[in-house]
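Let's walk through this model together, one element at a time. Keep the viewer open as you read.

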Amino acid sequence: MVKPVRVKTVWFKKDGERSAEEIATAVASTVWRVADKAVDNLGRENYDIITPARGFKLIAEFVAFLVHYCDRMAYASQTPERRVAVLQAISNRLGEVMQENIIEAVGPDPSRNFKAEFIDFLNRRFADYAEFEFPDDEKASFPAL
């Protein structure tokens with residue numbers, strides 16, 4: 001059975017504009033939890049994930065789509081400068097989280113920079129997703145999904 005993910009939907013600090021880092025922390029945490037839960041649910045349904053490397057690749061794919069989707073939503077409501085700052089902060093934070101989790105799961109590898117690899121992966125995926133349409137109702141088109 002697929003288990004739901006609890007998501008915070010209320011900011012406790014009511015006044016003032018939030019910094020890109022504050023938004024990035026909240027969004028990155030939620031995106032990571034949703035992606036991690038999706039991979040966990042696949043494992044519960046007997047999909048063959050087997051290795052941590054495969055699990056992290058799946059998480060990276062989910063994260064790339066979710067971050068791109070967030071960017072598409074921000075496009076409608078943020079200035080271009082603010083949108084770029086928030087997207088960069090979210091990607092940077094998720095790179096840190098990815099690196100921390102990989103090192104915790106498989107151990108450090110001095111020859112690799114997992115964060116940089118993840119950011120490169122996001123950039124490649126964003127280029128791919130840029131080709132897909134997201135109609136005005138903010139829902140992804142069928143090809144994007």
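Is F65 buried or exposed? F65 counts as buried because its relative accessibility is 18%, where buried means under 20% relative accessible area, exposed over 50%, and partly exposed in between, with a 1.4 Å probe and protein chains only. A word on the ground rules: this is a predicted model, in which local features need pLDDT of at least 70 and side-chain atom pairs count only at pLDDT 80 or more, while totals for chains, interfaces and linings use all residues. Residues are numbered from 1 along each chain as its sequence is written, and side-chain values use heavy atoms, with hydrogens and water left out.

Now for the overall layout. The chain has four helices and zero strands, so defined that helices (H or I, at least four residues) and strands (E, at least two) are DSSP runs, numbered from the N terminus. Read from the N terminus, the order of elements is α-α-α-α. Of the 145 residues in the chain, 32% are buried. Among contacts (heavy atoms within 4.5 Å) with a separation of 6 or more, 68% are between residues 24 or more positions apart.

Next, the helix packing. Two packed helices are described by the angle between their axes and the distance between the axes. Here, axes are lines fitted to C-alpha atoms, for helices over the stretch in contact, and angles run from 0 to 180 degrees between N-to-C directions. Helix 1 (residues 20-44) and helix 2 (residues 52-77) have axes that come within 9 Å and cross at roughly 135°. These two helices are therefore oblique to each other: angles under 35 degrees count as roughly parallel, over 145 as roughly antiparallel, 65 to 115 as roughly perpendicular, and the rest as oblique. On the helix 1 side the contact includes V27, V31 and W32, and on the helix 2 side it includes L58, I59 and F62. The residues of this contact divide into 15 nonpolar, one polar and one charged (Ala, Val, Leu, Ile, Met, Phe, Trp, Tyr, Cys and Pro are nonpolar, Asp, Glu, Lys and Arg charged, and the others, Gly among them, polar).

Helix 1 also packs against helix 3 (residues 80-106), with axes that come within 8 Å and cross at roughly 50°. Helix 1 and helix 3 are therefore oblique to each other, and this crossing is right-handed. Residues that meet here include A24 and A28 from helix 1, and A85, A89 and R93 from helix 3. By class, the contact has 14 nonpolar, one polar and two charged residues.

Back to F65 and its rings. Rings of Phe, Tyr and Trp (its six-membered ring) pair if their centres lie within 6.5 Å; planes under 30 degrees apart are stacked, over 60 edge-to-face, and the rest tilted. The count comes to three aromatic pairs. One of them joins F65 and Y129 edge-to-face, 5.6 Å centre to centre with 70° between the planes. This pair links distant parts of the chain, with F65 in helix 2 and Y129 in helix 4 (residues 114-129), 64 residues apart. Y129 is buried because its relative accessibility is 11%. Y129 and F132 form a tilted pair, at 6.2 Å and 50°. Ring pairs link F65, Y69, Y129 and F132 into a cluster.

Finally, look at H68 in helix 2. H68 is buried, with a relative accessible area of 4%. Beyond its neighbours within four places in sequence, H68 is in contact with F126, Y129, A130 and F134.

Conventions
Left-handed = near helix turned anticlockwise from the far one by under 90°.
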